[in-house]
Amino acid sequence: HHRNDLSGETVLITAGGTREALDPVRFLGNRSSGKMGYALAEAAERRGARVILVSAPTALRPPANVEIVPVITTEEMRGEVINRVDQASIVIKAAAVADYRPIRQSGQKMKRQGPLTLDLEPTADILSEVVARRHPGQLIVGFAAETENAVAHGRDKLLRKGADAIVLNDVSREGIGFDSDRNAVTFLTAQTSLDLPEMTKRDLADRILEEILGLRRPQHVV
Ligand code: PMT
């Protein structure tokens, strides 16, 4: 029933968890499987959009008819997103981005010798950069993974980063979120909060796209 309601749109989606190398065999990463972002890419493609999927490493099969751009680090994701974001009418940042990276990388495999302290530096905030260069009419939607006070932290993130909406995951709930085939989220805008109950990521992707299209309806335009 959604057929082609995204035709004419270019949707840029990020997915997966970025990785920051410590040495040639180790990295700092997170539990994102990429399933949520890939489900969004597949759903947007089915609905007629041109889809660009900037993907950190995942074990997933690349969706058909989607332009896939593989990246590993946050800095690579930033570069590929910034290069393409001006083409996008809708930007959805489902990736779990490494917020810190090692200040130094060891060229050789690090040896185990007593306690180890890592010196880390913050990575670039891609979502804020995308918001800073937004063009008129472009919709920008972030995700947020929270473990406590999810709605309060999500609203705060929405306002701080200036996105149109944040899709909030309470990743402290068992059986949903990271790596699961199912998820439940809260779709947050500056004025509204909508709970989307637990369902498959495939179904949820369609619900999220509906809410994103709803942002263009008059009650959301301020
Ligand atoms: O991949 P799955 O296993 O299917 O799991 C899905 C998911 C739980 C990973 C996903 O739905 C999700 O919540 N992704 C966002 C996780 C996250 O990194 O949240 P955050 O609160 O740290 O970041 C908030 C937003 O800012 C995100 O849109 C993120 O892409 C963006 N960000 C964060 C840091 C950074 N340096 N640059 C960014 O752009």
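Predicted model: local features only at pLDDT ≥ 70, side-chain atom pairs only at ≥ 80, totals over all residues.
Setting aside residues up to four places away along the chain, Lys161 is in contact with Leu127, Ser128, Val131 and Gly142. Lys161 sits in helix 4.

Lys157 is partly exposed because it has 18 other C-beta atoms within 10 Å. Once you ignore residues up to four places away in sequence, Lys157 touches Gly142, Ala144 and Ile166. Gly142, then, turns up as a contact of Lys157 and of Lys161.

What else links these two lysines? In UniProt, an unreviewed entry carries a "binding site" annotation that covers Asp99, Lys109, Phe143, Lys157 and Lys161. Those residues span 63 residues of sequence, and they are spread out in space as well, with up to 37.4 Å between C-alpha atoms.

Next, head for the largest nonpolar core, which has 55 residues. Which of them touch the most other members? That would be Val11, Ile13 and Leu40. Helix 1, residues 35-46, supplies the largest share of this core, with seven residues.

Leaving out its neighbours within four places in sequence, you'll find Ile13 in contact with Gly37, Leu40, Ala41, Val51, Leu53, Ile92 and Ala94. Leu40, one of those contacts, is also named alongside Ile13 among the core residues that touch the most other members.

How values were computed: Residues numbered from 1 in each chain as written. UniProt positions renumbered as here; feature names shortened; annotations may be inferred. Buried ≥ 20, exposed ≤ 12 C-beta atoms within 10 Å, placed from the backbone. Contact = placed C-beta atoms within 7 Å. Helix = DSSP H or I, 4+ residues; strand = E, 2+ residues; numbered from the N terminus. Core = buried A, V, L, I, M, F, W, Y, C linked by C-beta atoms within 7 Å.
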